[in-house]
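These are my notebook entries on a structure I examined entry by entry. I set down what I looked up and what I found.

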There are 4 protein chains.
Amino acid sequence: MKLSEVVDKLSKFRVEVPSWGFSRSGTRFHSFHIPGEARNLEERIEDAGTVAKLTGGVSSVAIHIPWDKTDDYIALRHLAGRNGVTIGAVNPNLFQEEDYIFGSLTNPDASVREKAVKHCLECIKIMQETDSKALSLWLPDGSNYPGQVNMTQAFDRLLKSLEIVYGEMDSDMELLIEYKFFEPAFYHTVLSDWGTALLVAERLGERAKILVDLGHHAQGTNIEYVVGIASMLGRLGGFHFNSRKYADDDLTVGSINPYELFLIFVELNSFFDLSGRQLALVIDQSHNVKSKIGAMIQSVVMLQKIYARSLLVDREALEHARSKNDVIASEEILLEAFETDVRPIMKEMRENRGLPDNPLNHFFSSSLEKEITDAR
Amino acid sequence: MKLSEVVDKLSKFRVEVPSWGFSRSGTRFHSFHIPGEARNLEERIEDAGTVAKLTGGVSSVAIHIPWDKTDDYIALRHLAGRNGVTIGAVNPNLFQEEDYIFGSLTNPDASVREKAVKHCLECIKIMQETDSKALSLWLPDGSNYPGQVNMTQAFDRLLKSLEIVYGEMDSDMELLIEYKFFEPAFYHTVLSDWGTALLVAERLGERAKILVDLGHHAQGTNIEYVVGIASMLGRLGGFHFNSRKYADDDLTVGSINPYELFLIFVELNSFFDLSGRQLALVIDQSHNVKSKIGAMIQSVVMLQKIYARSLLVDREALEHARSKNDVIASEEILLEAFETDVRPIMKEMRENRGLPDNPLNHFFSSSLEKEITDAR
Amino acid sequence: MKLSEVVDKLSKFRVEVPSWGFSRSGTRFHSFHIPGEARNLEERIEDAGTVAKLTGGVSSVAIHIPWDKTDDYIALRHLAGRNGVTIGAVNPNLFQEEDYIFGSLTNPDASVREKAVKHCLECIKIMQETDSKALSLWLPDGSNYPGQVNMTQAFDRLLKSLEIVYGEMDSDMELLIEYKFFEPAFYHTVLSDWGTALLVAERLGERAKILVDLGHHAQGTNIEYVVGIASMLGRLGGFHFNSRKYADDDLTVGSINPYELFLIFVELNSFFDLSGRQLALVIDQSHNVKSKIGAMIQSVVMLQKIYARSLLVDREALEHARSKNDVIASEEILLEAFETDVRPIMKEMRENRGLPDNPLNHFFSSSLEKEITDAR
Amino acid sequence: MKLSEVVDKLSKFRVEVPSWGFSRSGTRFHSFHIPGEARNLEERIEDAGTVAKLTGGVSSVAIHIPWDKTDDYIALRHLAGRNGVTIGAVNPNLFQEEDYIFGSLTNPDASVREKAVKHCLECIKIMQETDSKALSLWLPDGSNYPGQVNMTQAFDRLLKSLEIVYGEMDSDMELLIEYKFFEPAFYHTVLSDWGTALLVAERLGERAKILVDLGHHAQGTNIEYVVGIASMLGRLGGFHFNSRKYADDDLTVGSINPYELFLIFVELNSFFDLSGRQLALVIDQSHNVKSKIGAMIQSVVMLQKIYARSLLVDREALEHARSKNDVIASEEILLEAFETDVRPIMKEMRENRGLPDNPLNHFFSSSLEKEITDAR
């Protein structure tokens, strides 16, 4: 790909930031206060806007219900618009009500399942009002002890619950189905891997797709292959980008193994033109010791740099080397792209668009950060 | 379940032993000689017969081609018969030819794929001659380095290769599709998990099923849930029983976490009557420091004991406790069964059938072991 | 060991329960209310007393400061006494103050380290007043991102902080040093494994020892070997018993792999007479979906049963088999003990001491549970 | 660091290549033939020379006894000299003799231990003749089944065996002690982690040090912290460089997570001047599908590039950011160095020294590879 083309594609590349990424978050041990963290929905949208303005790489902001509940979703849509973003995926919350102690959409008790379904339907309404096109489902259901749950029946109950939800979605909406290896359930999770998520998606219909969260796999899982298979099947719907060293650590994007992230993008480029927003590329991290806005800028920029590198892969040469089983040559073609310093490309993209040359420095050294921190 | 019923079911419970489990095996560092190990096909069948006779729990012996290649498969069938077993699953070998360095059924080179397919067809012929009903496919294909292989195209090539193989199988034969997390490929494996195996099975037809090897998962994987889901879908075809603490360690059955094995059997009992041979229950272990026959007796007996325990679960009480979300009661019902000393049940089953009271002691303290070791 | 001896040792076997195990706890997603959970220090001590009375296997209750802070520790000691227990290990809290966001005893800021040290000294005073002999240190310190912390300097700061703490401890007090693979720090933890904990213990002095929490290891770690090595060095100080399938899941004792727990006890019996309280055997679990008292009864009983099984190992025969490298015989000696149904032994021990025959049933079917739940 | 200084240090940076890395190797399933692989000791030394000449980054070649056994070690030393390298670490083989089935230096049988000790002493003699200064011990000893071995006694036997070996070493020789999480022992390994290796080193004396193989850790282990701690204690002796995604995959250096390798070098630079050969930096990989010489060139070049990047870290700025707990700034300082394209630096270093501009291309496109492959 010619450099000008890379710059062009990079210019159009956008990701979604999560509203909850600007507020306090933490571990089961404590949630530390971070100076400047957003205190309410309005501030979260503003922060998303700030990241969008500085990086030029943000399309939208994902919201979480009820954390982002409001009386007036039309106003929310306009607020987002004023901040240069749209409302992205709507995320129902199925883990914070006391009723959900033994599961939500899979609870043995029909009335609890009904409540969970209702909450999803409420989220669909919010999607209609906010013009959101993705219902992003993360299911905490599972069990903590052998014997606790009839696991296959729980899977069956999930299908029945989701059939109702899916049936209520508009024809231009997608259901993104997230899976997770473990936590908060510690013996089994109903949607434990891409295979279980795919089963559900296939039963529901073609607008049900898999959402890959980079922290939700067993150690060693080749995530780029999962991504490739799901893409090949037309079932990849989106991502939750973050990093992990151990479990679902929710560290900022690319902080532990940037090469793995690059390999995922290389795989994606085989199936999608990511400059055209064909996938829900969402950041979902819980950065407990970093400036909230700063960490989000870091993450968007990391995704931009990795995307640029992935575009530099000489795909024709790669397929040629592969066809000859030239392992070294194939690998070197990837490394050639990965090791390229893409900062000049980033610089050009930013200059073309009037963006700050270094969004992170800009944020910290301008009055911006101080103003926000002082105000809150 | 009444004790007499448990004894009855246990009496009918059979597993398959692998011919290769009686010969030398080892790690990449060395294969140690074990006194009494079988030196040829005939001795392997005889050893299977010995384990069958002493434990009363062996139906058949799995063979591996070309390790068990012979000029006369009819004679092999008769040899097995004389030793009280049948020929079970036939296992093609797709990893030991130099041609397979870059893959077998998925090799980019069509002529290598053809060779691999041909070998599978050869195995189908052997199945017809030995009256075997299961083609047990373990695919070593994958890649060692990022970039080496176009992963989704390799998956596609696998499908095309297997369509030919599946098309040649008789209507009463099953294709068992094994998956593996890693090794011998260390970056990606084409059949990496139950999800990829299921995709292949579904594309091929209803006699293509998943084979679960207990050592082929990521650390922490809830195998009993995988087993449950595959059973629910009607796609569970069989097992390779062994144990692991780290990777695919191929230790003898139940040696690391017998409770996990019990939980798998509890799940199986929800879908199958294992006394009726509805699944290919095959031992596949590589016991490098134990007497070959001794280790196999241990493993068969372990499976018998675990099966007996799993039958003791009060399933009605279990479902009742589950329906009330009584986590402690559900768990205690399982523990009640698991902690029962089933040696009296084993004793009764053995007495009823004229089997030695302690097959392991019988083997080592009778002249049997000495005769075999001296002869070889 | 003769059965009467087993019964005798089992009669004297005691473990410590954690006060925090009776109160609400949870994951980072939610802490669910459990009916009957303790609401304050007094109720926690009473609950410990209830478990002690029903199981006959509880010596003491571990406390956590400030969660169990009180104006009158003498009164606390008497309260414990009235409930048939003593005050066990005192656990300082170094993770819930805002000041600790970048570490406690290792914080780059000297004033924060001082604060953390002071809190430990406060705990030593509480030990003196409650007659506790163990200061149980779990250190959350570490870092979330590469670069964040100079790791070796942080280790050095830890040593300096602990030298002060250790210097203030009475000559009959022990410092128990816990380590943890990860969480809440997700890139590195200062005390990451038994090796780092041992380094600290050796620098401090002979009353500094290692505390092993069963959930704080990498997947696959052979914990029984760690226990053996630490015991051999005279540096094993105690345990935090719980179970895990994935990470630090804090499930109830023995719920995932009871055989592993048995193997740990077999190793311990080589070095300690556990009926003589030579080690701090502490339960530390976070049972979020089980009755608090019920789960604790389950765990104490599980430890009693496993301890009984471990005593049944024929150690002489085991060493004999080992000396001949008889792998099968060695393993069968362990299995023989593990598979023994120890419920008759438990029954005898309970009858001898006038304990309820089934503490769990007793708790749930007597009025006891109802009274507690109704009262709270 | 100024660029000229980086170029200077890079010019002096050397690693050791393993003789066995040029010969056939494989997995337990098969060892595939690679065209051009070395067939004997002489060819292995020549290949090391080829890599040295092309990359300018090789000091020495590690040998493995008995694989590299010869009648005339003086001649071997001269052969190495003619190829521009010296003889590096001598590696005893304690895993391929039938006697070692139940262990070598820890075998319960004194005569086997003696044999293993003798082999180590033989290696010391070879060190004297080849002027090697490092005895590099990898111990395969451990056990496959619970009960098999008295683990703490085995550790004790290891100490006693190594005391003899250590006692025979010259005062300018070092004993490098490798540890391994698992394989070929699958239940426990006697030297399982850096902690056990350190215990042994401390008992033996100050010339006994830890050798870190990047593939020998549990998933998730923070290796850079292990490296830091061992360095701080003055106990880090060297490395076996390779890559892994799952277990001890022995892939070529930097192929899975180059950022982790960079972080290790950043840590090393705090304690060592790696341009001055203060550590045994040895490549130990088993590249089964790549050209042997090609893969080794790739690996040396990868280490050179990573080393160059690690030198670019602004350490003063890093410590300043750390002192302020500025997590984002600390991380960005590392990323700034890691993301720098060091190919210009490599180019300058090569030009200065008259090395080929692209050693890999040079090897494959010159007649060199063809000549070697044709000749063998």
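**Entry 1. Core.** I began with a definition: a nonpolar core is a set of buried Ala, Val, Leu, Ile, Met, Phe, Trp, Tyr and Cys residues joined through C-beta atoms within 7 Å. I note at the outset that the model is predicted. I looked up the largest nonpolar core and found that it has 517 residues. The residues with the most contacts inside this core are A:I177, B:I177, C:I177 and D:I177.

I then asked which residues D:I177 is in contact with, leaving aside its neighbours within four places in sequence. The list comprises D:L137, D:L191, D:A197, D:V200, D:A201, D:A208, D:K209, D:I210 and D:L211.

**Entry 2. Chains A and B.** I looked up how chain B is placed relative to chain A. A rotation of 180° with 0.0 Å of shift along its axis superposes chain B on chain A, with an RMSD of 0.0 Å. That is the relation of a two-fold axis. I also asked which residue of chain B comes closest to the rotation axis. It is B:G195, whose C-alpha lies at 2.3 Å.

Next I examined the contact itself: 40 residues of chain B are in contact with 40 residues of chain A. On the side of chain B that touches chain A, at least two residues each come from α5 (151–167), α6 (194–204), α7 (223–232), α10 (315–323) and α11 (327–338) of chain B. The element that gives the most to this side is α11(B), with 5 residues.

**Entry 3. Chains B and C.** I repeated the search for chain C against chain B. Here too I recorded a rotation of 180° with 0.0 Å of shift along its axis, which superposes chain C on chain B (RMSD 0.0 Å). The C-alpha of chain C nearest the axis belongs to C:D341, 2.5 Å from it. The same surface serves both copies, as 100% of the contact residues of chain C recur in chain B.

How many residues does each chain bring to this contact? I found 22 residues from chain C and 22 residues from chain B. The elements of chain C giving two or more residues to the side that touches chain B are α8 (258–269), α9 (292–311) and α11 (327–338). Of the elements, α11(C) gives the most, with 4 residues. The side of chain C that touches chain B divides into 8 nonpolar, 8 polar and 6 charged residues.

**Entry 4. A helix pair in chain C.** I looked up helix α4 (residues 110–130) and helix α5 (residues 151–167) of chain C. Their axes come within 9 Å and cross at roughly 35°, and the crossing of α4(C) and α5(C) is right-handed. From α4(C), the residues C:R113, C:A116, C:V117, C:C120 and C:L121 meet C:R157, C:S161, C:I164 and C:V165 of α5(C). I recorded 6 nonpolar, 1 polar and 2 charged residues in this contact.

Entry 5. I found a cis peptide bond between A:E183 and A:P184, with omega about 10°. A:P184 is in the loop between β6 (174–178) and β7 (188–189) of chain A. A cis peptide bond also joins B:E183 and B:P184, with omega about 5°, and B:P184 is in the loop between β6 (174–178) and β7 (188–189) of chain B.

Is C:P184 buried or exposed? I recorded C:P184 as buried, because 20 other C-beta atoms lie within 10 Å. Leaving aside neighbours within four places in sequence, C:P184 is in contact with A:T27, A:F29, C:F95 and C:P140.

**Entry 6. Positive phi in chain D.** I noted that D:D131 has a positive phi of about 65° although it is not a glycine. D:D131 is in the loop between α4 (110–130) and β4 (134–137) of chain D. With 13 C-beta neighbours inside 10 Å, D:D131 counts as partly exposed.

D:N325, also not a glycine, has a positive phi of about 55°. I located D:N325 in the loop between α10 (315–323) and α11 (327–338) of chain D. D:N325 counts as partly exposed, with 17 C-beta neighbours inside 10 Å.

Definitions and conventions: Residues are numbered from 1 along each chain as its sequence is written. Chains are lettered from A and ligands numbered from 1 in the order in which they are written. This is a predicted model: local features need pLDDT of at least 70, side-chain atom pairs count only at pLDDT 80 or more; totals for chains, interfaces and linings use all residues. A residue is buried if 20 or more other C-beta atoms lie within 10 Å of its own, exposed if 12 or fewer, and partly exposed in between; C-beta atoms are placed from the backbone. Two residues are in contact if their C-beta atoms, placed from the backbone, lie within 7 Å. Copies are superposed by least squares on the C-alpha atoms of residues with pLDDT of at least 70 in both. Ala, Val, Leu, Ile, Met, Phe, Trp, Tyr, Cys and Pro count as nonpolar, Asp, Glu, Lys and Arg as charged, and the others, Gly among them, as polar. Axes are lines fitted to C-alpha atoms, for helices over the stretch in contact, and angles run from 0 to 180 degrees between N-to-C directions. A crossing is left-handed if the near helix is turned anticlockwise from the far one by less than a right angle, and right-handed if clockwise.
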